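Colleague: I would like a close look at one part of this model, with the rest of the picture built around it. Please keep it plain and give the cut-offs as you go.

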Amino acid sequence: MTNQDIFKRDGEYISHTYQRFPIAVRCGHGASAEDFDGNSYVDFGSGIGTNSLGFCNEGWVKAVSEQLRKVQHTSNLFYTLPDVMLAERLCRETGYSKVFFGNSGAEANEAAIKLARKYGREKKGEHCNQIITLKNSFHGRTITTLAATGQDSFHQHFFPFTEGFCYVSADDRQQLRDAVDSSVCGIMIEFVQGEGGVTAIDKNYAKYVEEVCIENDILLIVDEVQTGIGRTGTFLCCEQYHIRPNIITLAKGLGGGLPIGAVLMDDVVGEIFQPGQHGSTFGGNPVVCAGGVEVLNQVCRKDFLFNVSSKAAYLKEKLLALPGVVEVSGLGLMIGVKLAEGMDARLVASRCAESGLMILTAKTKLRIMPPFLGLLHSVAHKDMEATLGVKRGVFSDCHAPAFPDAVQRPGR
Ligand SMILES: *Cc1c(COP(=O)(O)O)cnc(C)c1O
């Protein structure tokens with residue numbers, strides 16, 4: 001079996017919704033992976049921030065496989081232990097009161113939107129159902145979370161979208177004030193806009209959003225699907241913003257690589273959902289939750305998050321020293337790299353892939369979200385420039401702005 005065999009069959013049978021890099025990952029360990037042709041890679045993407053402990057972390061594999069041998073699923077008509085353990089751990093770590101489990105970030109946001117609407121309706125009447133989001137946001141791919149996403153490029157093809165969303169520019173206080181009236185039940189933001197280009201929003205602005213919410217009895221929802229679970233150097237990113245939202249949504253890194261979404265609710269919203277008002281067949285799946293507990297066991301260990309921050313600082317310093325790197329954005333190990341004029345991030349990422357580095361993009365930037373573990377070996381013990389493929393010309397060759405179909409998957 002070779003990479004080509006897999007590309008071909010993928011092209012034949014899998015719906016063409018992704019523009020994949022030409023690597024078929026056969027196996028991985030920590031921050032290293034191997035493809036079906038025997039090439040090896042350093043992983044700077046961690047499955048878009050999902051494999052927080054790296055590929056096949058020993059403790060995580062043990063937790064997941066032990067649970068797999070006990071019970072894999074029961075539906076939510078019965079009780080199980082792992083979801084209770086994970087919810088309890090999440091509440092203890094964060095001070096939140098209740099958790100709802102789904103399977104993805106979009107589902108977590110859907111649940112948050114439902115909570116805000118029910119809250120608004122009960123508190124202020126049926127006209128109170130509008131949710132304000134930011135113009136450069138990303139909240140998911142369902143029809144409603146696409147509507148919540150404030151980028152016009154996502155509001156195409158699939159009309160009609162869900163009503164009841166309005167968008168304001170981050171940092172524009174006046175726009176926010178103008179958008180707030182008695183019809184608004186929630187404001188939903190990300191602290192670091194991941195898909196939007198790894199842009200951290202201003203802390204004073206975020207604080208202002210919180211004040212507006214408190215003054216007007218509007219629920220503050222923070223989408224920490226990408227920023228949560230240690231990614232930015234604190235367990236939740238809101239710790240760094242000194243903000244306490246009513247609702248926090250989590251997903252990506254929480255499962256360590258298995259699908260999960262979670263909604264953290266404070267006392268104000270913890271009792272809004274009543275039996276039958278929300279649910280998910282797979283939500284709180286015991287195998288996934290057992291893995292999630294192990295992710296928390298490791299991430300919440302003393303010094304772990306400090307290490308995330310120091311790795312981030314090291315990485316940023318090295319990145320800034322590379323030719324072609326203009327600016328480094330983001331927080332913690334959620335890093336955006338702005339490239340010099342004329343350099344195409346997607347092309348650079350493709351060259352990186354050819355040179356043995358799995359790396360992501362966000363809009364016009366490179367996006368680096370390495371696993372928390374394993375990186376130490378890959379980065380500290382390897383020459384950073386070699387890791388980024390600079391010596392093979394990955395960065396310096398990328399001035400050609402034309403982006404060919406080179407990364408189009410074969411079989412199309
Ligand atoms: C990835 C992401 C989502 C969507 O998560 P899925 O698991 O793909 O549904 C939502 N919000 C943010 C901020 C994300 O980064």
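In what order do the strands of the open sheet of four strands run, and what kind of pairing do they have?

Modeller: This is a predicted model, in which local features need pLDDT of at least 70 and side-chain atom pairs count only at pLDDT 80 or more, while totals for chains, interfaces and linings use all residues. Residues are numbered from 1 along each chain as its sequence is written, and side-chain values use heavy atoms, with hydrogens and water left out.

The open sheet of four strands has the order 1-2-3-15, and its pairing is mixed. Strand 1 (25-29) and strand 15 (357-358) are at the edges with a single partner strand each, so one side of each has no neighbour in the sheet. Strands here are DSSP runs of E with at least two residues, helices are runs of H or I with at least four, and both are numbered from the N terminus. Two strands count as paired if DSSP finds at least two bridges between them.

Strand 1 pairs with strand 2 in the antiparallel sense, over four bridges. Within this pair, Gly 28 is opposite Ala 33 of strand 2. The hairpin of the two strands has two residues between them, and Gly 30 in this hairpin has a positive phi near 60 degrees. On to the next pair: strand 2 (residues 32-35) and strand 3 (residues 40-43) run antiparallel and are joined by three bridges. One of the residues involved is Ser 32, whose bridge partner in strand 3 is Val 42.

Ser 46 has a relative accessible area of 0% and is buried, buried meaning under 20%, exposed over 50% and partly exposed in between, with a 1.4 Å probe and protein chains only. Apart from neighbours within four places in sequence, Ser 46 is in contact with Asn 51, Arg 231, Met 369, Pro 370 and Pro 371; contact means heavy atoms within 4.5 Å. Ile 48 is also in helix 2, but is partly exposed at 35% relative accessible area. Ile 48 has a phi near 55 degrees, which is positive in a residue other than glycine. For background, most residues other than glycine have a negative phi, and most peptide bonds are trans.

Val 198, in the loop between strand 8 (192-193) and strand 9 (199-200), has a positive phi near 50 degrees and is buried at 0% relative accessibility. The peptide bond from Phe 159 to Pro 160 is cis, with omega near -5 degrees, and Pro 160 is in the loop between helix 6 (143-148) and strand 6.

Helix 8 (residues 203-215) has 13 residues and spans 18 Å from first C-alpha to last, close to the 18 Å expected at 1.5 Å a residue, where the expected span is 1.5 Å times one less than the number of residues. At its start, a side-chain oxygen of Asp 202 comes to within 3.1 Å of the backbone nitrogen of Asn 204. Just after helix 8, Asp 217 has a positive phi of about 50 degrees. Its buried residues are Tyr 205, Ala 206, Tyr 208, Val 209, Glu 210, Val 212 and Cys 213, and they pack against elements including strand 6 (165-168), strand 7 (184-189) and strand 10 (219-223).

Last, the ligand. Residues within 4 Å of it, heavy atom to molecule, include Ser 104, Asn 109, Phe 138, Glu 190, Asp 223 and Lys 252. Helix 5 (residues 105-124) gives the largest share of this shell, three residues. A nitrogen atom of the ligand is 3.3 Å from a polar backbone atom of Phe 138, and a ligand nitrogen is 2.7 Å from a side-chain N or O atom of Asp 223. A polar side-chain atom of Lys 252 is 2.6 Å from an oxygen atom of the ligand. The protein covers 81% of the 380 Å² of accessible area that the ligand has on its own, by the Shrake-Rupley method with a 1.4 Å probe.

Notes:
A polar contact is a pair of N or O atoms within 3.5 Å; within protein, one must be able to donate a hydrogen and the other to accept it, and residues adjacent in sequence count only if both atoms are side-chain atoms.
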